[in-house]
Amino acid sequence: MSRMFLIRVLFLMSFLLAAATGASAQDELTYNQYRALAWAADRLDHVAMFEPIHGETGMNLVIADRFGQVQAVKLSSRGAERIWKSIQLSGIPDEVITADLDGDGLEDTILCRTNAGKVYAWDMDGFTLLWESLPSEYSTITCFTTANMDEDGSNEIVLLGDRRLVYIDGVSFNKDWTSINEYDATMVRCGDVDGDGRIEVVLNSGQVLDSVSGAIEWEEQAFYHSIELLDIDGDGLPEVLTESGMGGPIKVFDMDYGTEIRFQ
Ligand SMILES: [Ca+2]
Ligand SMILES: [Ca+2]
Ligand SMILES: [Ca+2]
Ligand SMILES: [Ca+2]
C-alpha cells in the first residue's frame, strides 16, 4: 500500500511539474515570432530588443517612433502589451539601441539619439531617465555606439557630435574626451582591429582612428555605408565587414594587414 501511495505521489508530482513547465513555455515566443523580432531589431535603426531583465517570459521590443517617443512593448505568445512610453523627446529619433553601460556583461540601458542632436539614456529596469545630453550641446549627432574606451570597467557612449568624436562615461555620464579633429561619418564601431592592444574607432567614412589621440591610423576610401566589426576568421581580432545596405557586395577588411582580404 505504501509503495502504491509513493508511486501515486511521484506520478502527481511529475504531472504538476510538466503542467507548470508547459504553462510558462506557452508564454514564450514561438521560434517564428522570435526570429521575426530579431530580424527587425537587427535590420532597423529604430527598433531594438532586449530580454526581460528579471527572467520573465517573452521578449521586449523597443521602437523609437517618428512622433518623438520611445516605446517598449512586451511580446509573448499571448500577444503584445505596451509596457512603457517615454517623455516627448526633443527631435525625431534617428536610432535606438540597447547597451551594457556598467560593463557587467548584461544589457541595462536603452539609448536613443534624435535629429535635434540629443541623446537619451533610460534604465531598462523601470525605464527611469538616467541621462540626457544638454539641449544645445550638439546640433547634430550622426552616429553612436558603446564600447569601453579607457581603463575602467564600464563602457562609454561613443558619439559623433557636430563632427567631433565624444566619449561619455556610461556610469557617471561625464564627458571623458572630445576630439580636436573633425570627422564625417554616419556609422561608428570600436574595437582593437589591428591587435596592438589599443581600441580603434572605425568610421564608415573609411577612417580608422587611434582612440586616445583621434589620429588617423589608416584610411580606406572603399568602405560602404554599413560597417560592423566581427572576428570571422577566429584569430581573436575583429575584421571590418562593410556593405552598402542597398544591395551590392560585401567587403571584408583585415586591419592587421591593413587591406581588404578575400575571405574564404
Ligand atoms: Ca550591465
Ligand atoms: Ca570605460
Ligand atoms: Ca588596436
Ligand atoms: Ca579576425
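Tutor: Over 4 bridges, strand 13 and strand 14 (residues 200–203) pair in the antiparallel sense; two strands are said to pair if DSSP finds at least two bridges between them. This is a predicted model, in which local features need pLDDT of at least 70 and side-chain atom pairs count only at pLDDT 80 or more, while totals for chains, interfaces and linings use all residues. Residues are numbered from 1 along each chain as its sequence is written, and chains are lettered from A and ligands numbered from 1 in the order in which they are written. Strands (E, at least two residues) and helices (H or I, at least four) are DSSP runs numbered from the N terminus.

Strand 13 spans residues 188–191, with Val-188 and Cys-190 pointing one way and Arg-189 and Gly-191 the other. All four of these residues are buried. A residue counts as buried if 20 or more other C-beta atoms, placed from the backbone, lie within 10 Å of its own, as exposed if 12 or fewer do, and as partly exposed in between. Across the pairing, Gly-191 has Glu-200 of strand 14 as its bridge partner.

Strand 14 in turn pairs with strand 15 (residues 207–210), again in the antiparallel sense, over 3 bridges. Here Val-202 has Val-208 of strand 15 as its bridge partner. The hairpin of strand 14 and strand 15 has 3 residues between the strands, and Gly-206 takes a positive phi near 105 degrees in it.

Strand 15 also runs antiparallel to strand 16 (residues 216–219), to which 3 bridges join it. Gln-207 finds its bridge partner in Glu-219 of strand 16. Strand 15 and strand 16 form a hairpin with 5 residues between them, where Gly-214 in the turn has a positive phi of about 80 degrees.

One is an open sheet of 4 strands in the order 9-10-11-12, paired antiparallel. Its edge strands, each pairing on one side only, are strand 9 (141–147) and strand 12 (175–178). Neighbouring strands of this sheet are turned against each other by 20 degrees on average, direction ignored; axes are lines fitted to C-alpha atoms, for helices over the stretch in contact, and angles between N-to-C directions run from 0 to 180 degrees. Within the sheet, strand 10 (residues 156–161) and strand 11 (residues 164–169) pair antiparallel over 6 bridges, and Leu-159 has Val-166 of strand 11 as its bridge partner.

The other open sheet has 4 strands in the order 5-6-7-8, with antiparallel pairing. Strand 5 (93–99) and strand 8 (129–132) are the edge strands, each pairing on one side only. From one strand to the next, the twist averages 15 degrees. Strand 5 runs antiparallel to strand 6 (residues 109–114), and 6 bridges join them; Glu-95 stands opposite Arg-113 in strand 6.

Gln-33 counts as partly exposed because it has 15 C-beta neighbours inside 10 Å. Its contacts beyond the neighbours within four places in sequence are Leu-75 and Ser-77, a contact being two C-beta atoms, placed from the backbone, within 7 Å.

For the protein as a whole, there are 2 helices and 20 strands. Of its 264 residues, 29% count as buried.
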